[in-house]
4 protein chains.
Amino acid sequence: MAKVLIVYASDYGSTKRMAAAVAQGAGSVEGVEAVVKAAEETMAEDMTSSDAIVFGSPAHMGSLDWRVKKLFDTVCSGLWMKSALNGKVGAVFTTGGGFGLSGGGAELTMLSMLANLVELGMIIVPLPKNTPGYELGGLHWGPNIRTMDNTAQPLPLTEESFESARNHGVHVGRLSLVLGKTAIFDH
Amino acid sequence: MAKVLIVYASDYGSTKRMAAAVAQGAGSVEGVEAVVKAAEETMAEDMTSSDAIVFGSPAHMGSLDWRVKKLFDTVCSGLWMKSALNGKVGAVFTTGGGFGLSGGGAELTMLSMLANLVELGMIIVPLPKNTPGYELGGLHWGPNIRTMDNTAQPLPLTEESFESARNHGVHVGRLSLVLGKTAIFDH
Amino acid sequence: MAKVLIVYASDYGSTKRMAAAVAQGAGSVEGVEAVVKAAEETMAEDMTSSDAIVFGSPAHMGSLDWRVKKLFDTVCSGLWMKSALNGKVGAVFTTGGGFGLSGGGAELTMLSMLANLVELGMIIVPLPKNTPGYELGGLHWGPNIRTMDNTAQPLPLTEESFESARNHGVHVGRLSLVLGKTAIFDH
Amino acid sequence: MAKVLIVYASDYGSTKRMAAAVAQGAGSVEGVEAVVKAAEETMAEDMTSSDAIVFGSPAHMGSLDWRVKKLFDTVCSGLWMKSALNGKVGAVFTTGGGFGLSGGGAELTMLSMLANLVELGMIIVPLPKNTPGYELGGLHWGPNIRTMDNTAQPLPLTEESFESARNHGVHVGRLSLVLGKTAIFDH
């Protein structure tokens, strides 16, 4: 058995729907339970009791949402002090406008969340390019779904767009089961 | 005349002292006024009325302080919508523990703040390596002062350590005067 | 008078065409001369004799082209030692596949080139979001033109796509003239 | 059995010695064979026949060595096309001057190498902060050993400095054994 926690912040609901897609994928792996929490409701115990944590954020002004960052600064930093999450599985996803047609800051947003996971000693799951759905919503660091078109108008989010997110969840679930309670970082 | 605004978040006072050093440098340039504000007290008008903005943050969990990020998401994003800060001068600085002896995430912290400045259309001032003080507190993106030693114990911050920060302020002040009201980005 | 140097590496010609578009924009500013060079032909003197340098690269495996990097390591590093380019103007652009619809690594590619410019003490020109052409080829750090569609097939590059690149050149040219021989970083 | 490949570029021998330390650690894990190759001698087969790949580079002008990048562009890109390395284990390390006391670009150098690993679909091993040796040579993304002091003079590299590198190798070796031929990314 493994538990995958998906933590997100969302303004208009797109990132929340992406979180649900990741959870759906993770939960579809036999032996994996998926739990979704908003960043502002996430407690230290939610993280320490999980085998994997996936952070999702919209790209805002070129990096992660402040509510996700507040969780990192006020809760994750305490877990870092104790090395409490070493060896768990981590992954990220983003949402963002397509304005500019070039990711709109999704990459640095993902790197900011990966920095937190890596500080916490977690093993990182990428998004391989042959993952179904990658061509519609993929960056190598994780899924990214565009929520606006190139005139900054809202895009409808089709179920199809969530395919890479669901598969990301599947990958995270599988790795969590394989790793189990192995002690990669013990000394 | 030019006005340089320095915005910071601080936990134990080190970043606040760095902000004061940047302000001291900027204000030492004839014709430049320097103003220091905590991120949580900074309003849109503080930014629109300035010719340059310098953001400072401790490195927390590998990226910028959540209070600085909240300012970006809730105030700067509105200014981005209006392209209200295009062509102003921007710069960054950080503080952080020396634990690990390798910057401790200062670089990605600076890049997260630079992303916001660049989204806002601001012209970026780096920290050249021959700036006095660089050897004690420099990264090419901006000054970084270490606040802990390699055993995670607090380091005393000497006045000497702030030299690169003061000079960064001087550079920002000078560029603000040179640019004045030129219209680099008009169309 | 100001001289803007555009340095690029190109595999199939897209980045070379982008370089030409940046040069066209820069050269359209009265008093600005634009010169384009392939990375492999660029000498130290080309850089020291310029007032601005713009680097362009395709995104390869998530960061900059190795030929551009070779120039940084073997030529720019010597100029860094001498602080020979302090205070000049710098900017970047990229090309890349749209596979994944999320920038495909354009952002980290731009940051790798910006790191070199910033190490060299150069003042950075961003790409403001209201720049004409941004909606078709923009990232805040600089223009990015997509050369493949979301099935990894080549996209035709229309002249229209180069608009953000031309305007980036205009901005760089204007700032070079304004800065002239001012001594922002002298001590 | 698992094979760990360590690939590096080195100017004065420090990065080569770091590579040897990572190999020593990896090879000390029962059932793990470690192989060290210079970037310029590394072939596609070296990578496809390995269970884990660790890339090491000095920080040059704020990002990775051009010889490492040439390997990524000319060899790894072909493996990316075929999704040939999906699910293998990846990690990074750097060396660099301590000039500035703030990492000197080690972080972006690591991220440039991680981008390649993640494009290739590899699972990433971080460097947890309680790894022995972290306090003398650690960044969360991987080990970084300083080779110059804060006046840009060469520092002697003591065997002690290599402790984080050796332990990084141990972690990579262990994870390679645990993952074995599991199919995390199959569809």
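Predicted model: local features only at pLDDT ≥ 70, side-chain atom pairs only at ≥ 80, totals over all residues.
Residues are numbered from 1 along each chain as its sequence is written, and chains are lettered from A and ligands numbered from 1 in the order in which they are written. Local features need pLDDT of at least 70 and side-chain atom pairs count only at pLDDT 80 or more, while totals for chains, interfaces and linings use all residues.

**Stop 1: chains D and A**

Select chains D and A. Their contact takes 30 residues from chain D and 30 residues from chain A; two residues are in contact if their C-beta atoms, placed from the backbone, lie within 7 Å. On the side of chain D, the elements giving two or more residues are α4 (106-119), β5 (123-124) and α6 (163-179). Helices (H or I, at least four residues) and strands (E, at least two) are DSSP runs, numbered from the N terminus. Colour α6(D) next: with 6 residues, α6(D) gives the most to this side. By class, the side of chain D has 17 nonpolar, 10 polar and 3 charged residues. Here Ala, Val, Leu, Ile, Met, Phe, Trp, Tyr, Cys and Pro count as nonpolar, Asp, Glu, Lys and Arg as charged, and the others, Gly among them, as polar.

Of the contact residues of chain D, 100% recur in chain A, and the same surface serves both copies.

**Stop 2: chains B and A**

Now show chain B with chain A: 21 residues of chain B are in contact with 20 residues of chain A. On the side of chain B, α3 (66-81) and α4 (106-119) each give two or more residues. The largest share, 8 residues, comes from α3(B).

**Stop 3: helix α1 of chain C**

Finally, select residues 14-27 of chain C, which form helix α1. Its buried residues include Met18(C), Val22(C) and Ala26(C); buried means that 20 or more other C-beta atoms, placed from the backbone, lie within 10 Å of the residue's own. The buried residues of α1(C) pack against elements of chain C including β1 (2-8), β4 (89-97) and α6 (163-179).

Key
Expected span 1.5 Å × (residues − 1). Buried ≥ 20, exposed ≤ 12 C-beta atoms within 10 Å, placed from the backbone.
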